[in-house]
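Work through the exercises below with the sequence and the structure in view. Each task is followed by a solution in steps.

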Amino acid sequence: MSYTVLVFVKQVPDTQNISGDAMTPEGTVNRAALPAIFNPEDLNALELALQLKDRYGARVVVATMGMPAAAEVLRQALYRGADEAVLVTDRALAGADTLATSYTLSCCARKLGKVDLILCGRQAIDGDTAQVGPQIAEKLKLPQICYVEEIRSFGDGKVVARRAIDGGNEVLESPLPSLLTVIDANEPRPMNAKRIMKYKRARTPSEVAKAHDNANYTEGETADAELKALEKAGLLIREFSAADIDADPGRIGFPGSPTKVKQVMSVVLTAGEAKTVPATADGIGLLIHELISDHTLG
């Protein structure tokens with residue numbers, strides 16, 4: 001039996017050096033002001049899906065919601081071994097919080113049809129909420145296992161996974177279809193050179209249209225011919241608008257997002273005055289005396 005695994009991934013701004021300057025007046029992150037990267041735990045989710053492909057012959061579909069530039073993380077997924085890529089992009093999706101994002105992605109999952117397993121990274125580094133995966137499961141009425149480290153077995157209508165919990169881990173079984181969120185418990189495989197040579201030409205319809213506009217091509221047959229050639233070669237990245245996935249306009253983007261970010265600040269902790277305490281009984285005794293004297297202790 002052939003299984004289909006859907007992996008939701010995200011292109012995120014590199015938040016290591018984020019500051020207030022990277023905010024828009026609306027309280028969202030100005031993604032153009034920061035380098036864009038593949039969300040780290042989504043790479044772990046992709047690796048888990050590719051392991052299922054290696055072990056069980058599963059077909060791996062990778063999807064993302066974002067600007068047209070987010071197609072780059074889809075190509076990176078294809079370079080690693082994904083079989084198909086899907087971009088959900090639309091100006092109406094801008095400003096989405098976790099509620100609107102999970103709704104949009106659940107609509108995408110329904111549009112794609114039969115899926116046996118959905119994998120998501122636990123959380124994205126631009127929000128750290130860990131809400132989108134569980135919210136997708138809720139909207140699709142799927143059982144879910146969060147904080148997954150390993151899939152023990154997959155098939156016969158069920159998945160068995162090990163997940164992290166406080167102080168250890170536990171093994172859970174869930175019927176299929178289901179949704180798992182994945183933590184950084186594996187080593188994502190590198191991009192494959194042969195697949196890079198093949199899929200570096202993979203494009204979305206938006207990218208093709210933009211390239212032809214910039215090159216002053218005439219509209220119509222030229223762009224259409226390229227799209228048909230890409231599709232025939234298996235290099236066309238599918239693209240959906242909000243209307244294509246039958247999304248309710250009131251539940252996407254800003255209208256569907258009750259959460260508003262007021263401000264983002266970069267907090268840098270600097271070292272204060274330091275004092276070396278000798279690792280001796282006398283040194284420890286003096287330290288305790290000082291702590292008592294300044295009322296830190298006692």
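The model is predicted, and residues are numbered from 1 along the chain as its sequence is written.

**Exercise 1. The nonpolar cores**

Task: Find how many residues the largest nonpolar core has, and which of them have the most contacts inside it.

Solution: 
- Step 1. The largest nonpolar core has 42 residues. Val 7, Leu 117 and Leu 119 have the most contacts inside it.
- Step 2. Among the contributors, helix α1, residues 40–56, gives the most to this core, with seven residues.
- Step 3. There is also a second, separate core, of 27 residues. Leu 6, Val 115, Leu 140 and Ala 247 are included in this second core.
- Step 4. Leaving out residues up to four places away in sequence, Val 7 touches Ala 45, Leu 46, Ala 49, Val 60, Val 61, Val 62, Ala 63 and Leu 119.
- Step 5. As background, nonpolar side chains in soluble globular proteins tend to be buried together.

**Exercise 2. Thr 4**

Task: Decide whether Thr 4 is buried or exposed, and say what it touches.

Solution: 
- Step 1. Thr 4 is found in strand β1, residues 4–9.
- Step 2. The relative accessibility of Thr 4 is 14%. Buried means under 20%, so Thr 4 counts as buried.
- Step 3. Beyond residues up to four places away in sequence, Thr 4 touches Arg 59, Val 61, Lys 114, Val 115, Asp 116 and Leu 117.

**Exercise 3. Asp 14**

Solution: 
- Step 4. Asp 14 and Asn 39 are 25 residues apart in sequence, and their C-alpha atoms are 8.8 Å apart in space.

**Exercise 4. Backbone exceptions**

Task: Describe the phi of Tyr 147, the phi of Asp 156 and the peptide bond between Leu 176 and Pro 177.

Solution: 
- Step 1. Most residues other than glycine have a negative phi, and most peptide bonds are trans.
- Step 2. Tyr 147 has a positive phi, near 60 degrees. Tyr 147 lies in strand β7, residues 144–155, and counts as partly exposed because its relative accessibility is 36%.
- Step 3. Asp 156 also has a positive phi, near 55 degrees. Asp 156 sits in the loop between β7 and β8 (158–165), and at 74% relative accessibility it counts as exposed.
- Step 4. The peptide bond joining Leu 176 and Pro 177 is cis, with omega about 0 degrees. Pro 177 lies in the loop between β9 (168–175) and β10 (178–182).

**Exercise 5. Two helices in contact**

Task: Classify the crossing of helix α3 (residues 98–112) and helix α4 (residues 132–140).

Solution: 
- Step 1. The axes of α3 and α4 come within 8 Å and cross at roughly 50 degrees.
- Step 2. That angle makes α3 oblique to α4.
- Step 3. The crossing of α3 past α4 is right-handed.
- Step 4. On the α3 side, the contact includes Leu 99, Tyr 103, Leu 105 and Arg 110. On the α4 side, Val 132, Gln 135, Ile 136, Lys 139 and Leu 140 take part.
- Step 5. By class, the contact has seven nonpolar, five polar and two charged residues.

How values were computed: This is a predicted model: local features need pLDDT of at least 70, side-chain atom pairs count only at pLDDT 80 or more; totals for chains, interfaces and linings use all residues. Side-chain values use heavy atoms; hydrogens and water are left out. A nonpolar core is a set of buried Ala, Val, Leu, Ile, Met, Phe, Trp, Tyr and Cys residues joined through side-chain atoms within 4.5 Å. Buried means under 20% relative accessible area, exposed over 50%, partly exposed in between (1.4 Å probe, protein chains only). Helices (H or I, at least four residues) and strands (E, at least two) are DSSP runs, numbered from the N terminus. Contact means heavy atoms within 4.5 Å. Axes are lines fitted to C-alpha atoms, for helices over the stretch in contact, and angles run from 0 to 180 degrees between N-to-C directions. Angles under 35 degrees count as roughly parallel, over 145 as roughly antiparallel, 65 to 115 as roughly perpendicular and the rest as oblique. A crossing is left-handed if the near helix is turned anticlockwise from the far one by less than a right angle, and right-handed if clockwise. Ala, Val, Leu, Ile, Met, Phe, Trp, Tyr, Cys and Pro count as nonpolar, Asp, Glu, Lys and Arg as charged, and the others, Gly among them, as polar.
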